[in-house]
Amino acid sequence: AGNTLTWVGNFTGSTGNWVKTGAGILKLNGQQGTTGTVTVNEGELQLNSGGGGNSLIQGNLTVGDGSGAADSAVVRLLTTSQIADAGTTVQVLSDGLFVSYGEILGALNIQGGHVSTGTHTGLQTNGLLTLSGGTIDGTANFYLNANADIQANANQSVISASTVILNATQTITVADGAQDVDLLISSAMT
């Protein structure tokens, strides 16, 4: 499974890309984050900022590179407020797994990947949800605070979180793909 490296210092930088490779676990415990793009191609990135009012990820985040086994590239949030909730996009590709811990996100783009609402207070999206053959599940709630675009895919898109909570009037557009049912929602909805 690889080794674990815990980084206690600040994780800063406003330009360029930051890419995590290798099967090991990298745990970030700093107070300051980066506005650059962060990509996890394999292994696990754990985010555990101690607070200080700054998210560790203040730019876009990509989980997976689309070439590994399912759930082989992981971003796991260990506390809340790890990713900026405005002006950012979290993209989860087919080999990616994103595990929330009461997080509020900007846009969420799932391209065959797996998103877990976790076990804390759930996951909220304040930007567009794009779902193409991926899965949103977990024992906590999923809060959809913006519109959703369900794209055609050879695989069915699934939402099976504890409860899907719509906080206003949202439009959920479902494209007609190869599946008999293109979007399966097995969660309660309120």
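The model is predicted: local features need pLDDT of at least 70, side-chain atom pairs count only at pLDDT 80 or more, and totals for chains, interfaces and linings use all residues. Residues are numbered from 1 along each chain as its sequence is written, and side-chain values use heavy atoms, with hydrogens and water left out.

**Stop 1: the sheet of 8 strands**

Select β2, β4, β6, β8, β11, β14, β17 and β20, in that order. They form an open sheet of 8 strands with parallel pairing. A strand here is a DSSP run of E, at least two residues, numbered from the N terminus. Two strands pair if DSSP finds at least two bridges between them.

Now go to the edges. β2 (17–20) and β20 (172–174) each have a single partner strand, so one side of each is left without a neighbour in the sheet. From one strand to the next, the twist averages 10 degrees. Such angles run from 0 to 180 degrees between N-to-C directions, with axes fitted to C-alpha atoms.

Next, select residues 107–111 and 129–132. These are β11 and β14, parallel strands joined by 4 bridges. Click Q111: its bridge partner in β14 is S132.

**Stop 2: strand β5**

Select residues 43–47. This is β5, and 5 of its 5 residues are buried (under 20% relative accessible area, with a 1.4 Å probe and protein chains only). Show the side chains. Which residues point one way from β5, and which the other? G43, L45 and L47 point one way, while E44 and Q46 point the other way.

K27 stands opposite Q46.

**Stop 3**

Select β10, β13, β16, β19 and β22. This open sheet has parallel pairing in that order. β10 (103–105) and β22 stand at its edges with a single partner strand each, so one side of each lacks a neighbour in the sheet. Residues 163–166 make up β19, which is joined to β22 by 2 bridges. T163 has A188 as its bridge partner.

**Stop 4: M189**

Stay in β22 (residues 188–189) and select M189. Is M189 buried or partly exposed? It counts as partly exposed, because its relative accessibility is 40% (the class lies between 20% and 50%).
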